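Here is a friendly note to read alongside the model. Please keep the viewer open and look up each residue as you go.

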Amino acid sequence: ASIPDLPLALSSVFYSCGRVLRNEAEVVCSEPGSLLTASQINVCVFDKTGTLTSDTQAMTEVVNPFGQSHRMENIVLAGCHSLDSLKDEEGGEVFGDPLDIASLDFSGWRFNSSDRSATNGGSKSSKNELAITRKGGNKLWQIKTFPFDPSRKCSYALLLVQHADQKFRLWKVVKGSPDRVRPLLKSCDGCSNFYQKYDTASNQIGSRLVTLAAEDVTHSDLSKTLFPRG
């Protein structure tokens, strides 16, 4: 019995076509076998934030529906994530979800993966005017984190926060889709119009809208269970 030479011939043709594409059209085909499929394509659609441009994200603005800045926004940005670091030191390079990285960077806080904490040294960030604290700054510890859940379109965290007055408080924080976070809010007069306004604006410029929320659970049963001695 003879061994069919057609697969070898096809393989040779694929790689020859790949060289032509690379040399004459400056197109690199990582999977030569896809050339047959590509010959039937007449329209290509690319993701504007895909790997052809950049695999990172950048946060540009934090807006409060009540018209005032609150330091809790920075605490949510700095604590509601599942990032990690190759080095157990404060300020080391982190890796994980691009949105989480962008949020932490925007907050101006420094993350330490060894004890899952983050600190704000009190310096003002050029990106975020909210990154201002009193001398000594704030510090938070991640008691428990819940990574981004595609079905819920949110990520959650339970944080122990030492505020600028040196008092400790326990916070539940959430970051995610406005449609999923809004029902969780106890009260937010005027939020519907606020979200609609910014959702429309973000869609027009191709940005992503993310909602932040926090609840003080310092005096809850959860807090008493975690810290029975107070």
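Which residues touch the most other members of the largest nonpolar core?

1. **Before you start.** This is a predicted model, in which local features need pLDDT of at least 70 and side-chain atom pairs count only at pLDDT 80 or more, while totals for chains, interfaces and linings use all residues. Residues are numbered from 1 along each chain as its sequence is written, and side-chain values use heavy atoms, with hydrogens and water left out.

2. **The core.** The residues asked about are I75, L104, W109, L140, L159, V161 and V173, in a core of 17 residues. A nonpolar core here is a set of buried Ala, Val, Leu, Ile, Met, Phe, Trp, Tyr and Cys residues joined through side-chain atoms within 4.5 Å. Buried means under 20% relative accessible area, exposed means over 50%, and partly exposed lies in between (1.4 Å probe, protein chains only). Two or more core residues come from each of α3 (72–79), β6 (154–162) and β7 (168–176), and α3 gives the most, with four. These labels are DSSP runs numbered from the N terminus: helices (H or I) have at least four residues and strands (E) at least two. As background, nonpolar side chains tend to be buried together in soluble globular proteins.

3. **V173 up close.** Leaving out residues up to four places away in sequence, V173 touches V76, C80, S155, Y156, A157, L159, A213 and A214. Contact means heavy atoms within 4.5 Å.

4. **The sheet.** Follow the strands in the order β3-β4-β5-β6-β7-β8: these six form an open sheet with antiparallel pairing. Because β3 and β8 stand at the edges with a single partner strand each, one side of each has no neighbour in the sheet. From one strand to the next, the twist averages 25 degrees. Strands count as paired if DSSP finds at least two bridges between them; β3 and β4 have three. In this pair, F111 stands opposite A118 in β4.

5. **A helix on the sheet.** α3 packs on the sheet and touches β4, β5, β6, β7 and β8; its direction makes about 105 degrees with that of β8. Axes are lines fitted to C-alpha atoms, for helices over the stretch in contact, and angles run from 0 to 180 degrees between N-to-C directions.

6. **Salt bridges.** How many salt bridges does a search of the whole structure find? There are three, each having a side-chain nitrogen of Lys or Arg within 4 Å of a carboxyl oxygen of Asp or Glu. One joins D100 and K175, with the closest N and O atoms 2.6 Å apart. D100 is in helix α4 (residues 98–107) and K175 in strand β7, so the pair ties together parts 75 residues apart in sequence. D100 is buried at 10% relative accessibility, and K175 is buried at 2%.

7. **Two links between β7 and β8.** R169 and D216 meet at 2.7 Å, N to O. Since R169 lies in β7 and D216 in β8 (residues 211–216), this pair ties together parts 47 residues apart in sequence. R169 is partly exposed at 27%, and D216 is partly exposed at 31%. E215 and K172 form another salt bridge, at 3.6 Å.

8. **Positive phi.** Most residues other than glycine have a negative phi. R116 has a phi near 55 degrees and is found in the loop between β3 (110–112) and β4 (117–120). K153 has a positive phi of about 60 degrees, in the loop between β5 (138–149) and β6.
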